[in-house]
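The sequence and the coordinates are shown first.

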Amino acid sequence: MTRIFSGVKPTGHLTLGNYLGAVRQWAEVDQHRADALFSVVDLHALTVDHDPGRVRRLSKQAATLLLASGLDPEACTVFVQSHVDEHARLSYLLECVATDGEMRRMIQYKEKSARERERGGSVRLSLLTYPVLMAADILAYGADEVPVGDDQTQHVELSRDLAVRFNQRYGRTFVVPRATPPAVAARVMDLQDPASKMGKSHDSGAGIVYLLDEPDVVRKKILRAVTDSGTEVEYDREAKPGVSNLLEILAACAGGNPEGLSGVYESYGALKRATAEAVVELLAPLQKRHKELVADPAYVEEVLRRGAERAREMAKPTVDAAYRAIGLLPPT
Ligand code: TYM
């Protein structure tokens, strides 16, 4: 059976980008067709300046939102990364396979470290090694597929490279995974700055729709979205990035494709109103279920406890095999 692994990091409140680019596909499709694991990858949240209490709160919130989005603990495994030691154990071995040069070529590292230096801050070493930990997340479970948005495909490519290299050097140990981005909305852009990705850790929230935003807040953000010069509703990511982003969001929420929908709306205003309503409608059941789950924290905790137990069992044999293959003496 196909094995799937994916995760979300608790560095901020989950966004519409996370949902359309990843989580919805996990809930609607992936968990039903494969042996799937989905993780709140909290170790990754420590790679940038962080507040311990906030990371804890966001981790719990992210886990609750994954369940509210429809992940069913009977159909898939939902867990918190730091509850399973195998991730960190394997990460070190993969650091001994990866090179400094390939780490420094990662686009997200280049962008985030440049931003941090501009602010006068220091760059954590873990920001550089982050993609290796991500590779460990994936390879520990022998995942064939990794459903992620566009921004993560370079990291999945690195996981492939590391798996192939390890297998060549030390004998076949890892499955070589591949990224499976969604057909539409693989890169939802910021509503105020359609040249950048809608990201949960951005400083200003005006261009970001959060999954827990009230309907009126969602409407306001979408109605105030930056659009492009001209008046015609056209799907052209280069020439009309703002309008094209709205068309993608609308297509992802309401069905159809962005090109087809562009002929339906006569003005930017009409497109914005339709998009706002489609997003509000999409988020309503998720928000309702989130409220119910927040009232039952013991249930969420139990799901995470069982999930970690299952994940540990799945990862340990592969990670143990990697320890043996690379030349470490097994304990007696
Ligand atoms: P993270 O937490 O930034 O995002 C979680 C998922 O949401 C997708 N995504 C988007 N998709 C479309 N448009 C957007 N604006 C948008 N923003 C985010 C991401 O592509 C991702 O699929 N490094 C990962 C977490 C991770 C992981 C893993 C994922 C750690 N280990 C192993 C897969 C497998 C990250 O930062 O995701």
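## Helix H12

The buried residues of H12 are Val 300, Val 303, Leu 304, Gly 307, Ala 308, Ala 311, Met 314, Ala 315, Thr 318, Val 319, Asp 320 and Ala 322. Buried here means under 20% relative accessible area, exposed means over 50%, and partly exposed lies in between, with a 1.4 Å probe and protein chains only. Helices (H or I, at least four residues) and strands (E, at least two) are DSSP runs, numbered from the N terminus. The model is predicted: local features need pLDDT of at least 70, side-chain atom pairs count only at pLDDT 80 or more, and totals for chains, interfaces and linings use all residues. Residues are numbered from 1 along each chain as its sequence is written, and side-chain values use heavy atoms, with hydrogens and water left out.

H12 covers residues 297–326, and its 30 residues should span 44 Å at 1.5 Å a residue. The expected span of a helix is 1.5 Å times one less than its number of residues. The end C-alpha atoms of H12 are 42 Å apart, in agreement with that expectation. At Ala 315 the helix has a kink of about 30 degrees, shortly before the proline Pro 317. The bend at a residue is the angle between axes fitted to the seven residues ending there and the seven starting there. Gly 327 follows H12 and has a positive phi, near 115 degrees.

The 18 residues of H1 should span 26 Å at 1.5 Å a residue, and the distance of 24 Å between its end C-alpha atoms agrees. A bend of about 55 degrees is located at Trp 26. Because 14 of its 18 residues are buried, H1 is largely enclosed by the rest of the structure.

Asp 30 lies in this helix, which comprises residues 16–33. Its relative accessibility is 1%, so Asp 30 counts as buried. Not counting residues up to four places away in sequence, Asp 30 touches Ile 4, Gln 25, Ala 36, Phe 38 and Pro 147; contact means heavy atoms within 4.5 Å.

## Thr 15 at the start of H1

Thr 15 is placed in the loop between S1 and H1. With a relative accessible area of 0%, Thr 15 is buried. At the start of H1, a side-chain oxygen of Thr 15 comes to within 3.1 Å of the backbone nitrogen of Gly 17. A polar contact is a pair of N or O atoms within 3.5 Å; within protein, one must be able to donate a hydrogen and the other to accept it, and residues adjacent in sequence count only if both atoms are side-chain atoms.

Residues up to four places away in sequence aside, Thr 15 touches Met 198, Gly 199, Lys 200, Ile 208, Val 209, Tyr 210 and Leu 211. Thr 15 and Gln 25 are 10 residues apart in sequence, and their C-alpha atoms are 15 Å apart in space.

## The ligand site

Which residues come nearest to the ligand? Of the 27 residues around it, these are Lys 9, Tyr 130, Asp 137, Asp 151 and Lys 200. A residue is near a molecule or strand if one of its heavy atoms lies within 4 Å of it.

A nitrogen atom of the ligand is 3.1 Å from a polar backbone atom of Gly 17. An oxygen atom of the ligand lies 2.8 Å from a backbone N or O atom of Gly 149, and an oxygen atom of the ligand is 2.7 Å from a side-chain N or O atom of Lys 200. Taken alone, the ligand exposes 710 Å², of which the protein buries 99%. Accessible areas come from the Shrake-Rupley method with a 1.4 Å probe, and for residues only the protein chains shown count as cover. Strand S1 (3–8), H1 and helix H6 (125–139) are the elements that give two or more residues to the shell around the ligand.

## Loop residues

Ala 185 lies in the loop between S5 and H8. Although not a glycine, Ala 185 has a positive phi of about 65 degrees, and it is buried, with a relative accessible area of 2%.

Gly 205 is found in the loop between strand S5 (178–179) and helix H8 (215–223). Gly 205 is partly exposed, with a relative accessible area of 24%. Its contacts, leaving aside neighbours within four places in sequence, are Tyr 210 and Lys 221.
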